[in-house]
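Please look through the model below before reading my notes. The points are numbered so that you can check each one against the structure.

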Amino acid sequence: MNRLDIAPVRAFQDNYIWVIRNAEYAAVVDPGDAQPVIAYLHAEKLKLCAILNTHHHADHVGGNDDLLRHAQVPVYGPYDERVPTISRQLREGERISLPEFDVEYSVLEIPGHTRTHISFHGDGALFCGDTLFACGCGRLFEGTPQQMHSSLQKLAALPDDTRVYCGHEYTLANLRFALAVEPANPELISWEQEAREQRGRNHPTLPSTIGREKRANPFLRCNQPAVSAAASKHAGATLTDPVSVLATIRDWKNNF
Ligand code: ZN
Ligand code: FE
C-alpha cells in the first residue's frame with residue numbers, strides 16, 4: 001500500500017508540526033506556530049486543506065488563527081473550549097476524512113497529559129501529540145497516572161508497524177532515562193546509537209513505531225519485571241501494579 005507522505009516542520013525549540021501532504025494539498029497536525037507552516041506551503045506550492053489539533057496547549061494550537069486567515073479550512077480537535085478555532089470537536093471512535101488524500105483518521109481519546117487530549121490514527125500512522133513520545137510520555141498536567149496508563153495501553157494495542165508521530169523531539173533525553181530504568185534492554189542500546197546518529201546529522205528521530213515503543217518505552221512496560229523492579233528500588237517499596245509503577249517512573253523522570 002502506498003502510504004501518504006508525512007513531513008516534519010520544526011517549530012520553537014523542539015516541536016514538530018506534521019504535514020500530511022501530496023503534490024497539491026497539505027493538512028497540518030498541531031501547528032503551534034503559523035509562520036514555518038506558511039513558509040513550507042509556499043516553498044512546496046501546497047494548498048492547506050485541514051488543521052488537526054491533539055490538545056489545547058499553545059505550542060500545538062497557537063498557529064491556528066493565522067493559518068485560518070491564510071486559508072479557510074476545517075479545524076479538527078478535542079471537545080475543549082480552550083481551543084476556540086475548532087470547527088469540529090471529536091470524541092472517541094469518530095472518524096474524519098480528508099478527501100484530498102483519500103484517507104480517514106479515527107479518533108482515540110487519550111487523557112493524561114491534558115484531560116481532553118486526543119489522537120488521530122489512520123493509514124498506518126498515529127498522531128499522538130504529547131501523550132506518547134518516542135521512548136517516553138507526556139507530563140501529567142491534568143490527568144492521573146491511571147488515565148495515562150489506560151491511554152498508553154490503548155495506543156499500545158494498535159498494530160506494531162503503526163508509525164508514531166509525536167509532538168516533540170525528546171527522544172535522546174527519553175532514551176537516557178529509559179536506560180537508567182532498564183540498562184540491559186537491547187532495544188534501548190541500539191536505539192540510542194541510532195538516535196545519536198540521526199541527531200548528529202540534525203535529522204528527526206521520528207517516526208517511531210508502536211512495536212519499538214512496546215519493546216523500549218518504560219511507560220508502556222510498567223508490567224515488565226525489570227521496570228517494576230527499578231521503580232520499586234527508586235521508591236524504596238515493592239510496587240506491583242502497573243499504575244503505581246507508572247506514577248513512580250513519571251515522578252522519577254520529572255527529577256531526572
Ligand atoms: Zn502539550
Ligand atoms: Fe507540546
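1. Aspartate 30 is found in the loop between β3 (25–29) and α1 (34–44); helices (H or I, at least four residues) and strands (E, at least two) are DSSP runs, numbered from the N terminus. Although aspartate 30 is not a glycine, its phi is positive, about 60 degrees. Its relative accessibility is 4%, so aspartate 30 counts as buried; buried means under 20% relative accessible area, exposed over 50%, and partly exposed in between (1.4 Å probe, protein chains only).

2. A word on the source. This is a predicted model, in which local features need pLDDT of at least 70 and side-chain atom pairs count only at pLDDT 80 or more, while totals for chains, interfaces and linings use all residues. Residues are numbered from 1 along each chain as its sequence is written, chains are lettered from A and ligands numbered from 1 in the order in which they are written, and side-chain values use heavy atoms, with hydrogens and water left out.

3. Two further backbone details belong with the first point. Aspartate 123, in the loop between β9 (118–122) and β10, also has a positive phi, near 55 degrees, and is buried with a relative accessible area of 17%. Leucine 206 and proline 207 are joined by a cis peptide bond with omega about -5 degrees; proline 207 lies in the loop between α6 and β14 (208–209). For background, most residues other than glycine have a negative phi, and most peptide bonds are trans.

4. The overall fold comes next. The protein has nine helices and 14 strands. Its C-alpha atoms fill a box of roughly 55 × 40 × 35 Å along the principal axes. The radius of gyration is 18 Å, which agrees with the value near 18 Å for a compact globule of 256 residues; this radius is taken over C-alpha atoms, and the globule rule is 2.2 Å times the number of residues to the power 0.38. Of the 256 residues, 58% count as buried. Among contacts (heavy atoms within 4.5 Å) between residues at least 6 apart in sequence, 57% join residues at least 24 apart.

5. Which residues donate to the zinc ion (ligand 1)? They are His55 (NE2), His57 (ND1), His113 (NE2) and Asp130 (OD), at 2.2 to 2.3 Å. Donors are N, O and S atoms within 2.8 Å of the metal (3.2 Å for Na, K and Ca); water is not among the atoms, so sites may look incomplete. The four donor atoms subtend angles of 85 to 170 degrees, so the arrangement around the zinc ion is irregular. Four donors count as tetrahedral if all angles lie between 85 and 135 degrees; four count as square planar and six as octahedral if opposite donors are over 155 degrees apart and all others between 65 and 115; anything else is irregular.

6. The iron ion (ligand 2) has Asp59 (OD), His60 (NE2), Asp130 (OD) and His168 (NE2) as its protein donors, 2.1 to 2.3 Å away. Angles of 85 to 167 degrees make the arrangement around the iron ion irregular. Aspartate 130 coordinates both the iron ion and the zinc ion, which are 3.2 Å apart. Histidine 60 and histidine 168 are both buried.

7. The search of the whole structure finds eight aromatic pairs. Rings of Phe, Tyr and Trp (its six-membered ring) pair if their centres lie within 6.5 Å; planes under 30 degrees apart count as stacked, over 60 as edge-to-face and the rest as tilted. Phenylalanine 127 and tyrosine 165 are stacked, because their ring centres are 5.3 Å apart and their planes at 25 degrees. This pair joins strand β10 (residues 125–129) to strand β13 (residues 163–166), 38 residues apart. Phenylalanine 127 is buried at 0% relative accessibility, and tyrosine 165 is buried at 4%. The rings of phenylalanine 177 and phenylalanine 256 form an edge-to-face pair, with centres 5.1 Å apart and planes at 75 degrees.

8. Two charges sit over rings, meaning that NZ of Lys or CZ of Arg is within 6 Å of the ring centre and within 35 degrees of the ring normal. Lysine 47 has its charged end over tyrosine 25, 5.6 Å from the ring centre. For arginine 91 over tyrosine 79, the distance is 3.9 Å.
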